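Student: Could we walk through this model together? I'd like to go from single residues up to the whole chain.

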Amino acid sequence: MEDLNRSYSSNIEFFGYWIIPVSNWQCRFIDLSQSSVSRCISEVVEAINQPEIFNEWVKFPSTLNELTEADNGFYRETGFPGVIGCVDCTHVAIVPPSSDSGYPLRKWLLTPISNPTTDAEKYYNQKQMSTRSIIECCNGVLKMRFRCLLKDRTLHYKPEKASLIINACIVLHNMCITNNVPLYEHDISVHDDLGMMGNQEILVDNIRNLDLAIGRQHRNKIITYLFQRHFV
């Protein structure tokens, strides 16, 4: 039991504070060697990423009832119809860094309009941005709880290992939410960079692309619906 508690403590401090090369890192609360810390972190991260654990705590709505509940929840909160999830990007510093430049418009993935010209398009952008703010807030809270994900605290691991660490933080975060574990917001410095992404340039896509054409058609329907409901 003592070994288990020591392993738990080293992982919580590792995830919750900062990530630096393990060879230079020493747990402030327990006396563990570098090799022990490295082994504990690898074992816990590997265990959390097992499908039977990860898929239980990180999943998208799949049943009709779950999809309907998500749709109704987003509509009550934002007034944006037909939404079952939001996608956004947040920086987690790794070595080497890597990021995407944006998201393509699809029927199932509604993006903002790069240069809105009509009142209807401008109103659509306002509603799309306010709906997207939900996932931006979610990413911010995740980083506030697990500060190893902060932009200024680099994960000194290969991208594959860094991805597993990020997954582990997400699972632990969802466990904390389910079990009402409080978030200690006062531990976050005003100088901490949460690495939140601003509005990104939308990926340029070929206008002849069928998926893009269908996406634009569907987005136009949403634009008309929102504008008529609000202004007409």
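Student: Where does leucine 105 lie?

Tutor: This is a predicted model, where local features need pLDDT of at least 70, side-chain atom pairs count only at pLDDT 80 or more, and totals for chains, interfaces and linings use all residues. Residues are numbered from 1 along each chain as its sequence is written, and side-chain values use heavy atoms, leaving out hydrogens and water. Helices here are DSSP runs (H or I, at least four residues; strands are E, at least two), numbered from the N terminus. Leucine 105 sits in the loop between helix 4 (64-78) and helix 5.

Student: Is leucine 105 buried or exposed?

Tutor: Buried means under 20% relative accessible area, exposed over 50%, and partly exposed in between (1.4 Å probe, protein chains only). Leucine 105 has 4% relative accessibility, so it counts as buried.

Student: Which residues is leucine 105 in contact with, leaving aside its neighbours within four places in sequence?

Tutor: Contact means heavy atoms within 4.5 Å. With neighbours within four places set aside, the contacts of leucine 105 are Leu110, Thr111, Asp211, Leu212, Gly215, Arg216 and Arg219.

Student: What does glutamine 128 touch, not counting residues up to four places away in sequence?

Tutor: Glutamine 128 belongs to helix 5. Its relative accessible area is 8%, so glutamine 128 is buried. Not counting residues up to four places away in sequence, glutamine 128 touches Phe80, Leu110, Thr111 and Pro112.

Student: And glutamine 126, how far is it from proline 112, C-alpha to C-alpha?

Tutor: Glutamine 126 is in helix 5 too, but at 53% relative accessibility it counts as exposed. In sequence, glutamine 126 and proline 112 are 14 residues apart. In space, C-alpha to C-alpha, glutamine 126 and proline 112 are apart by 8.8 Å.

Student: At what angle do helix 5 and helix 7 pack?

Tutor: Axes are lines fitted to C-alpha atoms, for helices over the stretch in contact, and angles run from 0 to 180 degrees between N-to-C directions. Angles under 35 degrees count as roughly parallel, over 145 as roughly antiparallel, 65 to 115 as roughly perpendicular and the rest as oblique. Helix 5 (residues 119-145) and helix 7 (residues 210-231) have axes 9 Å apart and pack at an angle of about 95 degrees. That makes helix 5, relative to helix 7, roughly perpendicular.

Student: By class, which residues make up the contact of helix 5 with helix 7?

Tutor: From helix 5 come Asp119, Ala120, Glu121, Tyr123, Tyr124 and Lys127, and they meet Arg219, Ile222, Ile223, Leu226, Phe227, His230 and Phe231 of helix 7. For the classes, Ala, Val, Leu, Ile, Met, Phe, Trp, Tyr, Cys and Pro count as nonpolar, Asp, Glu, Lys and Arg as charged, and the others, Gly among them, as polar. The tally for helix 5 with helix 7 is eight nonpolar, one polar and four charged residues.

Student: How are helix 5 and helix 6 oriented to each other?

Tutor: Their axes come within 10 Å, crossing at roughly 95 degrees. In that contact, Val141, Leu142 and Arg145 of helix 5 meet Cys169, Ile170, His173 and Cys176 of helix 6. By class this contact has five nonpolar, one polar and one charged residues. Helix 5 and helix 6 are therefore roughly perpendicular.

Student: What phi does asparagine 180 have?

Tutor: Asparagine 180 is found in the loop between helix 6 and helix 7, and at 65% relative accessibility it counts as exposed. Most residues other than glycine have a negative phi. Asparagine 180 is not a glycine, although its phi is positive, at about 55 degrees.

Student: Finally, what pattern does the chain follow along the sequence?

Tutor: The chain has seven helices and zero strands. Of its 232 residues, 34% count as buried. Read along the sequence, the pattern is α-α-α-α-α-α-α.
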